[in-house]
Amino acid sequence: MKNFNVRQAVKNAMLFIFLPVVITIIIESLGSESLLGGLVKLYTSPWIFFCNALILISMLSVGVFLKRFRMFWICLICGGWLLLGVINCIIVSNRTLPFTAYDIQLIDALPIMIRKYLKPLYLALICLVLVGMVLGLFRAFFRALSAPKVKIKLKAAIIYFVIINSLTIGNLKLAINAGTLDTKFTTLAGDFVDNGFIYSFMLGVVDKGVDEVDGYSEKLISSITAEFETEKVKIEKKPNIIFLQMESFFDVNSIKNVKYSKNPIPNFTKLLSECPSGLLSVPVIGAGTANTEFEVVTGMRIADFGAGEYPYKTILVDNSCESIANNVRSHGYTSHFIHNYKGTFYGRNKVYANLGYDNFYSVEYMTGFEKNESGWAKDKILTKYILECLDSSDGADLINAVSVQGHGSYNEITDFKRKITVSNCKNDNLKLCYEYYLNQIVDMDEFLGELIDAISERKEDTVLVIYGDHLPFLELNNDDLKNRNIYQTDYIIWNNMGMEYEDENLYSYQLNSKILKSLGITDGVINSCHQKYKKDKNYHYNLQALEYDMLYGEKYAFNGQNPYRTSQMKVNRKKIEISDVYLAEGSADEYILKGEGFSENSRVRVGFTVMFTEYVDENTLKFKCNYMKETIPIVIWEPDIGESNSFYMSKNKDEQ
């Protein structure tokens, strides 16, 4: 005992135990957007709080073995978690969903997210914290280089390390087994708050993909699939099938205590009264469009994947699987995906090929569209491209169209044309958000009416499924809504064939199966699972078993071989052609290029050099070149598409 240093022991306790508790309080306060949120968490959920704190204490425990870099390690871990906490606070305040480990995989979309979500003040705050953290780390590192080595009592350090990590692991297992901590998140925003940010974020690091179900074996999969149709059934009706996913769209008349100058959605209200419909439970709120889209397209449940996981950025990057496109392929359908936003966002330009789609049209290759005040493309452009898809093939078409106009943020724009006004709102700032959002919804509802009129004029058998991807970020809670919760949007099934559908509430992963069942299409094990086991007590167990088997397991359902192949998906179906190139009047080096199929993504390449290109319209481009020769090939180059035909000035020689 005479070698026991009280001062050093107190210092170690402050650094390795008290400090991480304080950091946990700060992080929880940031996550709850409340100054005292961390203390409230400590008081109301002490076990959960200490589970989170123990994770941080456990990470810091490595520092007891460091002779010089102990303070550097402490600064690195604590500073890193504080930065994550600040980022989470800002993201939650702008999109409802928390910051997860999987969001780091969206680094390629960082410029888009900064531009769309972060106010200059928020961006400055993140930069300030980041700069402070970097400076602190540099200071700690260089001080450590010149500081004397801390004398370590190895035996005591090992005992402390083992005790802390054993306590952390044991406590987490006990809390999980007791049901205090969740291992699968069904409502991401609420589950992050309930389980604590540190635990929830780390769960996203270690928990990926679909878990193997108890009893997984070839026998189990065979027993599940034994009830499925094995013979290919020739379907009698082959209507066009259109799934229209509308950004942040739902029946806004279900919001309590807010009054509008008129009904913002007359077309949608009329459809609700005339067509089969119901509430649609989706996995996200405020953001996370890609995960609702994933559930509708594949029939798989996001809740079966990792906490906060985006399958578009994980398993589907390099793997093909069942989808509605693959399930209708053998029945002669041509499949198309349309999205009036960037094709690279969430990796859609690659993922859709792994989902079996034949064609993909994103905003880079669209022409003639308008943008709203927030810079999102207006949805009415989708009508043009849906009709083009229907015209592009002789047989039936499957179209998935994903809209973007209703996207937030809603509090950034103050100057916009008001077709509708709002009264009886909680405060002026929220009133502004409502009015901007609702004026986007007015446009989207008008687009919906125009689309149905255009489809009706074609007189082709068509089933149109309309649904919202999630509720908007408008500070809504369950008490603000009539007869629904914040994870429920709406769906409507319109058709011109006299087909009848049952009104029922659905989960988004059940939607495509409902449509396929009405047409007699039983292809696909996921689709068949919904059709056969939807009312069975083992429904979700069977669904998870099939998801695991197809994506991560032995593929027993397919005799060990994945039957789905990556398609030769075409981006921008239009053919790009050059018909003429000539000097602009009065210029020595500016050229006008004429042709068809151009977009804002088109670039002129002269020889091996890509020129700065000005987009004029879909038939005209401008570029400058001071070394043009008759023998130099001129082509149009676009990402994901490649080159057009080659054009030589000599073809034009006489006119020059």
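Two strands pair if DSSP finds at least two bridges between them. With that in mind, welcome to this predicted model. Strand S13 (residues 590–596) and strand S17 (residues 620–624) meet this description, pairing in the antiparallel sense over five bridges.

**The four-stranded sheet**

- S13 and S17 sit within an open sheet of four strands, whose order is S12-S13-S17-S16 and whose pairing is antiparallel.
- At the edges you will find strand S12 (577–583) and strand S16 (613–617), each of which pairs on one side only.
- From one strand to the next, the twist averages 25 degrees.

**Helix H10 and its buried side**

- Helix H10 covers residues 218–225, and its buried residues are Leu-220, Ile-221 and Ile-224.
- These residues lie on the same side of H10 because they cover an arc of only 95 degrees around the axis.
- Helix H18 (525–533) and helix H19 (539–551) are what the buried residues of H10 pack against.

**Helix H15 and its neighbours**

- In helix H15 (residues 381–391), the buried residues include Ile-381, Leu-382, Thr-383 and Tyr-385, along with Ile-386, Cys-389 and Leu-390.
- The strands that the buried residues of H15 pack against are strand S1 (240–246), strand S4 (334–339), strand S5 (359–362) and strand S6 (397–402).
- Those buried residues of H15 also pack against a helix, H16 (428–458).

Technical notes. Residues are numbered from 1 along each chain as its sequence is written. This is a predicted model: local features need pLDDT of at least 70, side-chain atom pairs count only at pLDDT 80 or more; totals for chains, interfaces and linings use all residues. Side-chain values use heavy atoms; hydrogens and water are left out. Buried means under 20% relative accessible area, exposed over 50%, partly exposed in between (1.4 Å probe, protein chains only). Helices (H or I, at least four residues) and strands (E, at least two) are DSSP runs, numbered from the N terminus. The arc is that of the directions from the helix axis to the C-beta atoms. Contact means heavy atoms within 4.5 Å. Axes are lines fitted to C-alpha atoms, for helices over the stretch in contact, and angles run from 0 to 180 degrees between N-to-C directions.
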